[in-house]
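Hi,

Here is the structure I said I would pass on.

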Amino acid sequence: MPYQFTVSPDFTPSHLAGWFIFNTWLQRQMSEAIHLEIYHDFQAQRQAIENDQVDLIYANPFDAAMLVREKGFRPLVRATGVSGEAIIAVNHESKVDNVVQFDSAVKVAVTDAPDIQMMGMIMLEPGDLDADNVENINCQNYVLVAKKLFNNEADAGIFLESAYDELSSIVKARLRIIVRSQISVIHHTLMVGPRLFDKSEQLHELLINMQNNEKAKGVLDSLGFQQWETVDDEEMYFMNDLVDTLLV
Amino acid sequence: MLHDMKLEDIVGDQYKEVTLDLYGGFTRKIIYTEIETPYPDGKLIVSTTDKQGIITHVNQSFVYMSGFEEEELLGAPHSILRHPDMPPAAFADLWNTVNAGNKWQGFVKNLRKDGGYYWVKATVIPNVRDGEVVGYTSVRRKPSLTKVDECIKLYPTLF
């Protein structure tokens with residue numbers, strides 16, 4: 001039975017092919033069958049985790065604690081210099097320049113990416129906005145979040161920074177950023193599950209040396225990464241503690 | 001070790017002096033002003049301490065907002081941030097809560113090295129490793145101005 005690999009569903013569309021290229025490279029290097037399953041939303045992915053159908057995962061920071069505590073996963077590596085920052089943007093014609101200027105109840109367009117939604121909500125708090133007076137408008141992707149802002153169907157939108165950057169210039173011209181997070185310590189992590197523990201050292205060696213090999217470096221390029229760096233248990237615990245503090 | 005504040009570090013001519021009794025049974029001379037440093041948008045102040053409240057890690061936002069150098073913060077008690085306007089009952093509640101293994105959250109007026117202050121919404125959780133509390137993580141974020149105004153009215157009544 002092949003090992004099961006999955007990727008946090010919040011990857012940017014331009015990197016979808018990159019994950020398949022990475023998986024093909026990984027199978028050749030490991031001489032193991034690894035099936036890459038892409039889930040289109042977090043709920044479906046969590047169900048697969050719950051059913052023990054995942055052995056290797058590029059995990060959202062929000063899910064990392066659950067993977068460690070409930071499923072016994074261990075951290076391997078993270079992409080150097082890549083952190084999931086959030087942006088709050090409004091329609092470019094909005095009169096709001098700062099979250100404190102929002103009305104006492106607002107509609108906010110969001111995707112289901114839990115870390116980005118959490119950080120966005122934290123950035124709305126100084127404006128006395130929280131779950132009690134924010135109505136979430138759920139969108140399948142960030143283009144649809146932008147569309148909700150154009151159409152004045154939402155007062156604000158919460159974006160993953162890298163996804164916002166990838167919006168076309170025409171789209172971005174119709175939006176305005178009012179606040180962006182600079183947290184830097186919350187990141188996605190490649191993690192291994194119990195079925196792969198006996199191969200985790202081999203996997204780790206392969207990954208942290210990718211940038212030293214021309215072909216493997218090309219695989220990293222297709223993911224938009226420069227290199228992988230080790231995430232040890234303590235760093236993982238620290239990030240999980242940090243996320244715990246933000247969940248209230 | 002926590003030193004008394006020095007006049008040469010204070011920014012501004014208008015200041016007050018007071019001696020505070022701090023957690024751990026020691027005292028510190030505080031010199032403070034009414035100069036507020038606004039909390040920057042989108043940032044988190046992060047620190048960890050050991051079980052005794054001695055700082056073991058700070059991030060750059062902590063360094064920037066506190067006005068201290070990183071080297072001055074590491075090894076110092078977290079009460080280096082203790083502002084005289086904060087009621088002791090708030091910190092007693094914090095320690096009671098985290099010592100019981102729970103998460104504490106509250107609005108805190110923090111003291112800067114230069115005598116000024118900044119308000120935060122603080123969350124503190126115990127760091128549990130192999131079933132044991134080994135320290136605490138504190139994360140501070142930008143507070144609601146409405147909540148801060150409520151605390152400005154409430155806290156003087158708690159002394």
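This is a predicted model: local features need pLDDT of at least 70, side-chain atom pairs count only at pLDDT 80 or more; totals for chains, interfaces and linings use all residues.

A:Asp244 and A:Arg69 make a salt bridge, with 2.9 Å between the closest N and O atoms; the term stands for a side-chain nitrogen of Lys or Arg within 4 Å of a carboxyl oxygen of Asp or Glu. The two partners come from distant parts of the chain, 175 residues apart: A:Asp244 belongs to helix α10 of chain A and A:Arg69 to helix α3 of chain A. Helices here are DSSP runs (H or I, at least four residues), strands are E runs of at least two, and both are numbered from the N terminus. Over all chains, the structure holds 19 salt bridges.

Before you go further, some housekeeping. Residues are numbered from 1 along each chain as its sequence is written, chains are lettered from A and ligands numbered from 1 in the order in which they are written, and side-chain values use heavy atoms, with hydrogens and water left out.

Now the domains. Chain A is assigned domain 1 (3-82 + 185-246) and domain 2 (86-180), with bounds from an automatic or database domain assignment. Their centres, taken over C-alpha atoms, are 28 Å apart. In contact (heavy atoms within 4.5 Å) are 13 residues of domain 1 of chain A and ten residues of domain 2 of chain A. About 960 Å² is buried between these two domains, 69% of it on carbon and sulfur atoms; buried area is the accessible area (1.4 Å probe) that two parts lose on being put together, summed over both. On the domain 1 side of chain A, the most area is lost by A:Thr12, A:Phe62 and A:Leu246, together 41% of what that side buries.

On to the chain interface: chain B and chain A each put 22 residues into the contact. Together they bury about 1900 Å², 57% of it on carbon and sulfur atoms. In chain B, B:Leu44, B:Arg129 and B:Arg141 lose the most area to chain A, together 29% of what that side buries. Four salt bridges are counted between the chains. One I looked up joins A:Glu125 and B:Lys121, closest N and O atoms 3.2 Å apart. β6(B) gives the most to the chain B side, with five residues.

Last, the rings. The count is 14 aromatic pairs over all chains, for rings of Phe, Tyr and Trp (its six-membered ring) with centres within 6.5 Å; planes under 30 degrees apart are stacked, over 60 edge-to-face, the rest tilted. A:Trp19 and A:Phe22 have ring centres 5.7 Å apart and planes at 90°, so they are edge-to-face. Both sit in helix α1 (residues 16-30) of chain A, three residues apart, about one turn of the helix.

Cheers
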